[in-house]
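Thanks for coming. I will go through one structure this morning, starting with a helix and moving on to contacts between side chains.

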Amino acid sequence: MKEEEQKLKNVINYEQLKSSFYINITHEFKTPLNVLLGICQILEKEDVPEKWEKYINIAKQNCYRLWRLINNVIDNSKISANSFEVAMSNNNIVHVVEEITLSVADYLKESNISITFDTDIEEKVITCDPRIIERILLNLISNGIKFSKEEGNILVNMIDGIDYVTIEVQDDGIGIDKDKINSIFETFTKIDDSLTRKSEGCGLGLSIVSSLVDIHGGTIEVYSKKGEGSKFVTRIPAKITQLDQKKVTETLINKEKINIEFSDIYSG
Ligand code: ADP
């Protein structure tokens, strides 16, 4: 028995070591990447020949993709190690979701994808971490865009409830095969492995989303029909906790976050 206990301890130690190694090394990747992004931003402001603009854009886009990948690996490791930080505050969730949707609408205004926000409540204050809500939503919306048809419509719909607030992200894109739908929230699930696929990604997104919903005490489900579209239904507990801090409704979204989260969509 002692020997088995020791073996278990060794495995746990090894896993912890591996996880902190991943977190540290991925953080190290961010330093040179920041330098490269900074250079792209400086060049963007310069009066460069027109054909350079395209290359600068491609370089920047790929920096964002790397940044997103690093963020996802860090978050995945933190979630596995139970060390993902959650900062709960009391927020008007309707405002948080609306702000996120409006920022995406602004980002999409030159594209052939539209995004609409609908709600049956104006205000609902709940205890949540707006950064996590933002992360979940940006991921679901970016998938809706990634797997859209030539033209697409995304609907973000909020429904009030006694125990839960429901946030639906619905698209009219390519949909998901019936036999794939059950594994969609598992790590590294990537349904289209073909080299000709329209978008990139390593299959970490939805697994992180599902864990973040879980950390938040909520649930997530997906309904989809091949060729017709998909609907992701997230339910977040509608509870208010007495917190030390006063009620805050933070507007966290910024263009940079959308650039990073959507970087897999239009890759150069
Ligand atoms: P990735 O980063 O590769 O997109 P995700 O975990 O976000 O990974 O998604 C896993 C897979 O699920 C995707 O590769 C895609 O095949 C499928 N998928 C996710 N969202 C949608 C959607 N809205 N419509 C169609 N397929 C989707």
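In helix H3, the residues Ile 93, Val 94, Val 96, Val 97, Ile 100, Thr 101 and Val 104 are buried. Buried means under 20% relative accessible area, exposed means over 50%, and partly exposed is in between, with a 1.4 Å probe and protein chains only. Helices here are DSSP runs of H or I with at least four residues, strands are runs of E with at least two, and both are numbered from the N terminus.

Before going further, the source. This is a predicted model, in which local features need pLDDT of at least 70 and side-chain atom pairs count only at pLDDT 80 or more, while totals for chains, interfaces and linings use all residues. Residues are numbered from 1 along each chain as its sequence is written, and side-chain values use heavy atoms, with hydrogens and water left out.

Back to H3. It has 15 residues and spans 21 Å from its first C-alpha to its last, close to the 21 Å expected at 1.5 Å a residue; the expected span is 1.5 Å times one less than the number of residues. At the start of H3, a side-chain oxygen of Asn 92 comes to within 3.1 Å of the backbone nitrogen of Val 94.

Next, the aromatic residues. How many aromatic pairs does a search of the whole structure find? It finds 2. Rings of Phe, Tyr and Trp (its six-membered ring) pair if their centres lie within 6.5 Å; planes under 30 degrees apart are stacked, over 60 edge-to-face, and the rest tilted. Tyr 107 and Phe 262 are edge-to-face, at 5.3 Å centre to centre and 85° between the planes. Tyr 107 lies in H3 and Phe 262 in the segment after helix H6, so this pair ties together parts 155 residues apart in sequence. Tyr 107 is partly exposed at 25% relative accessible area, whereas Phe 262 is buried at 0%.

Phe 185 and Phe 232 also form an edge-to-face pair, with 6.2 Å between centres and 85° between planes. Phe 185 sits in the loop between strand S5 and helix H5, and Phe 232 in strand S7, 47 residues apart. Phe 232 is buried, at 6%.

S7 also pairs with strand S6, in the antiparallel sense over 7 bridges; two strands pair if DSSP finds at least two bridges between them. Ile 220 has Thr 234 in S7 as its bridge partner. The hairpin of S6 and S7 has 3 residues between the strands, and Gly 227 there takes a positive phi near 85°.

On cysteines: there are 0 disulfides, a disulfide being a pair of cysteine sulfur atoms within 2.5 Å. Cys 40 is buried at 8%.

Last, the charges. The count is 12 salt bridges, each a side-chain nitrogen of Lys or Arg within 4 Å of a carboxyl oxygen of Asp or Glu. One of them joins Lys 18 and Glu 15, at 3.6 Å N to O. These two are 3 residues apart in helix H1, about one helical turn. Lys 124 and Asp 160 meet at 2.8 Å. Lys 124 is buried at 17%, and Asp 160 is partly exposed at 33%. Finally, a network of salt bridges links Arg 68, Asp 75, Arg 135 and Glu 261.

Methods
A polar contact is a pair of N or O atoms within 3.5 Å; within protein, one must be able to donate a hydrogen and the other to accept it, and residues adjacent in sequence count only if both atoms are side-chain atoms.
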